[in-house]
Amino acid sequence: FFLSIFVAFAALQTIQSEDVFSASRTASVSISAARDLRYLLYDVNPPEGFNLRRDVYIRMASLVKTLRKEGDDWVLVLPPWGRLYHWQSPDIHQIRIPWGEFFSLTSLQANVPVIEYEEFIAENGGPFIDQVLVLQNYAEGWTDGKWEEKVDERACIEKLLYTKDKQGYYRGWFWGYEETRARNVTCLSAQGHASIMAPVLQKNFTAVSVMLDRAETLLHDHYAGKDYWNTRRSMVFAKHLRLIGDDFRAKYLNSTDDTDRTLYNEDWTRMKSKPGSAIGGPYLGVHLRRKDFIWGHRDDVPSLKGAAKKIRSMMKKHKLQTVFVATDADGEELRELKRLLPDMVRFEPSKEDLELLRDGGVAIIDQWICAHARFFIGTSVSTFSFRIHEEREILGFDPKTTYNRFCGDSEKKCEQPTHWKIVY
Ligand SMILES: Nc1nc2c(ncn2[C@@H]2O[C@H](COP(=O)(O)OP(=O)(O)O)[C@@H](O)[C@H]2O)c(=O)[nH]1
Ligand SMILES: *[C@@H]1O[C@H](CO)[C@@H](O)[C@H](O)[C@H]1NC(C)=O
Ligand SMILES: *[C@@H]1O[C@H](CO)[C@@H](O)[C@H](O)[C@H]1NC(C)=O
Ligand SMILES: *[C@@H]1O[C@H](CO)[C@@H](O)[C@H](O)[C@H]1NC(C)=O
Ligand SMILES: [Mg+2]
């Protein structure tokens, strides 16, 4: 199996430089030669996980689209991955990971102009960010309980995670780039959709590079609307990860795109599957979220016994002999799960493969395999499961096979996930 991963990584090297389809950035250069180039950077609350961060990317892409509609030639700078709370595999380098290791950059670029952080440093002439805007809520909450969209410069509410150095620059986490400095840091209270920042970035803070920290404070401009889906569809997983997932499907799950009717077009702009057209591989796909989801004793998350029982009944109902399980269960729980489901199939890379893929790559491969299953069941309100729903929607699965979740052992009203249809 190591060999196939090695080959996939060799493919990564060639794919990254290849222009698979035209990127909008190049296309816009000549038309917009007169517009000033500006950079939007962002970061998210440190404890947030991989898939909530993917969600925040959609909000920021939407803001950049709004900004580009009038005024300057904005480019979105991709915040390097790293130091995520869940990425705890020991002895692996897990910071300053570029987006190209997890996603197809040409695909992202066909939606909105994006560059990696290191490319920003090079273009910008150094690791300097002109203005950091730390977003926060309003100290007073919603005044008289009425919701209104607003943004105002306010004193910082929480202790600022930036400190001034001897030269008067601000130092901070900056995705693990120690040499990065900010020229100014300001706190803004914001309440509303991502694009409420557009006038503020066009009129109030006119520096070339502006970073929004705590960007998750902003809401989606239009959740599950056309723009949402365009950005979501552009988040194509990196080819080497898809190849490894496909290899695994073929070897261990008797699953290929031809037989499963899950043909994929790397150019997402040309991918439009008919709902219900995908059959999926002959296995049940399971995402069983544990760790922080069980520590709070939430009543919408099952015990392992409860989950195993549900898995067995689903396999029987859908006449499936095989189950693929993606989970973040740790040592003890994993042993228990293996005892309850001795035949379950799992993607468990060797130490060497894990070093190449890292925890983020393994998470994506788990999602990719779940996305190709005949039936899928996920965990209540897990963004990891939500991203699998979307991937299956893109592939053209019947929603009945996708929007299922485990119920807590004694959960009374076990509401199933919402079906969000793609808007093309
Ligand atoms: N490989 C793998 N990692 C998982 C799985 N479930 C959770 N994780 C890890 O835990 C993190 C969960 O955080 P997040 O992505 O925000 O999803 P959420 O917390 O479930 O909404 C993921 O990003 C993964 O790093 C799984 O089934 N497989
Ligand atoms: C932006 O500038 C306008 C006009 O000067 C001002 O009224 C508004 O409060 C400013 N907003 C922010 C967030 O600084
Ligand atoms: C930093 O930003 C604040 C708020 O916009 C502004 O009042 C201040 O003059 C800026 N400081 C510097 C050194 O540019
Ligand atoms: C794999 O799937 C094909 C149909 O897609 C089936 O004919 C074949 O028997 C399966 N092989 C195994 C080992 O289950
Ligand atoms: Mg999370």
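**Two ligands and their shells**

Modeller: Start with ligand 2: one of its oxygen atoms lies 2.4 Å from a polar side-chain atom of Asn204. This is a predicted model, where local features need pLDDT of at least 70, side-chain atom pairs count only at pLDDT 80 or more, and totals for chains, interfaces and linings use all residues. Residues are numbered from 1 along each chain as its sequence is written, chains are lettered from A and ligands numbered from 1 in the order in which they are written, and side-chain values use heavy atoms, with hydrogens and water left out.

Colleague: How much of ligand 2 does the protein bury?

Modeller: The residues around ligand 2, with a heavy atom within 4 Å of it, are Val151, Asp152, Glu153 and Asn204. Taken alone, ligand 2 exposes 360 Å² (Shrake-Rupley method, 1.4 Å probe). Of that area, the protein buries 43%.

Colleague: Which strand gives the most to the shell around ligand 2?

Modeller: That shell divides into one nonpolar, one polar and two charged residues. Three residues come from one strand, a DSSP run of E with at least two residues. The strand is E6 (residues 150-153).

Colleague: Which side chain has an N or O atom 2.6 Å from an oxygen atom of ligand 1?

Modeller: 18 residues surround ligand 1, and Asn51, Arg289, Asp366, Ser382 and Thr383 are the closest. A polar side-chain atom of Asn51 is 2.7 Å from a ligand 1 oxygen. For the side chain of Ser382 the distance to a ligand 1 oxygen is 2.7 Å. The 2.6 Å pair belongs to Thr383.

Colleague: What share of the accessible area of ligand 1 does the protein cover?

Modeller: On its own, ligand 1 has 550 Å² of accessible area. The protein covers 91%.

Colleague: Which domains each give at least three residues to the shell around ligand 1?

Modeller: The shell holds eight nonpolar, seven polar and three charged residues. Its domain bounds come from an automatic or database domain assignment. The two contributors are domain 1 (38-141 + 148-217) and domain 2 (238-401).

How values were computed
A polar contact is a pair of N or O atoms within 3.5 Å; within protein, one must be able to donate a hydrogen and the other to accept it, and residues adjacent in sequence count only if both atoms are side-chain atoms. Ala, Val, Leu, Ile, Met, Phe, Trp, Tyr, Cys and Pro count as nonpolar, Asp, Glu, Lys and Arg as charged, and the others, Gly among them, as polar. Helices (H or I, at least four residues) and strands (E, at least two) are DSSP runs, numbered from the N terminus.
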